[in-house]
Amino acid sequence: MGDRRAVWRFLRAHHPYGTVAGIPAVATAEGIAGSWKLWMPSAYANGMTVVPFRHFIPIVLAAIVVGGLHSPMNEMQATATSTLRRYEVVYLVGATAAAAILIGGAEALATSPASAMLVIRGSLIWTGLALLSGRLFGWLMSWILPLITVFPLVYYGLDGLGETRWWNWTGQPAGDVACWSIAAASMSAGAVAFFLTPWSLRRVAALTGLHGKRGSTAVSADTPLRQGQDEHREMKSPN
């Protein structure tokens, strides 16, 4: 009963309705409108490039997933208990998995399994960046860093020969090792940012400060004794 109440409090605080409705809606949009072509500025050739809409739809998913961590009681939850932290982890893992499965399934049905792996990879990369952005600017601002990546991916995504650059995860093949390494690094950075709460930082600072205070206390405890010894020597001195 206690766990049910805790889950209910968590759901009431985080209002997951937007996440529950948003993920399937974006996945559906991926299947319907993913093949739309967008003309975007580029540093290559005639200054323009064609970008499939599906390449950047995962940004919306990442913002929805990470934005679901927002709560009106964010300051109070900065000192979250292990129970609340566990629910946040369960939510985050579940929402990220659901987003990847739904958008990947929609893309596979609309195009091919290889294209589905591209959007899944992009979804993971942008989710990691969204977690980092959310920790820096607030969970509702989790879209900032993912959106910033659009410019280099589009404008500098091709080299002088018109080939996709190695770091452009929207254009490299589904099995490209470098881009999957970027996905792993992004998710790792996002996980670190998620667990590195203000409370944990204050705790580390407090522990470090406590260690320093102990050292300074030991020094100050010896100081009066040394002063007394110096004064005793001066009294004995013939000068």
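How many residues does helix α6 have, and what length does α6 reach from its first C-alpha to its last? In this predicted model, α6 spans residues 113–137. The helix has 25 residues and reaches 35 Å, close to the 36 Å expected at 1.5 Å a residue. Gly138 follows α6, with a positive phi near 110°.

Next, the core. The largest nonpolar core has 31 residues. Those with the most contacts inside it are Phe56, Leu69, Leu92, Trp126 and Leu131. Several helices supply at least two residues each to this core, among them α2 (17–33), α5 (82–110), α6 and α9 (177–195).

Trp126 lies in helix α6. Leaving aside residues up to four places away in sequence, Trp126 touches His55, Phe56, Pro58, Ile59, Ala62, Pro146, Thr149, Leu153, Trp169 and Thr170.

Now the aromatic pairs. The count comes to seven. One of them is Trp36 with Phe53: the ring centres are 6.3 Å apart and the planes stand at 20°, so this pair is stacked. Trp36 sits in the loop between α2 and β1 (37–41), Phe53 in the loop between β2 (48–52) and α3, so the pair ties together parts 17 residues apart in sequence. Trp36 has 53% relative accessibility and counts as exposed. Phe53, at 30%, counts as partly exposed.

Phe56 and Trp126 also pair. Their ring centres are 5.9 Å apart and their planes are at 45°, so the pair is tilted. Phe56 lies in the loop between β2 and α3, so this pair ties α6 to a part 70 residues apart in sequence. Both residues are buried. With Trp169, Phe56 and Trp126 form one aromatic cluster.

Definitions and conventions. Residues numbered from 1 in each chain as written. Predicted model: local features only at pLDDT ≥ 70, side-chain atom pairs only at ≥ 80, totals over all residues. Heavy atoms only, no water. Helix = DSSP H or I, 4+ residues; strand = E, 2+ residues; numbered from the N terminus. Expected span 1.5 Å × (residues − 1). Core = buried A, V, L, I, M, F, W, Y, C linked by side-chain atoms within 4.5 Å. Buried < 20%, exposed > 50% of the residue type's maximum accessible area, 1.4 Å probe, protein only. Contact = heavy atoms within 4.5 Å. Phe/Tyr/Trp six-rings, centres within 6.5 Å; stacked < 30°, edge-to-face > 60°.
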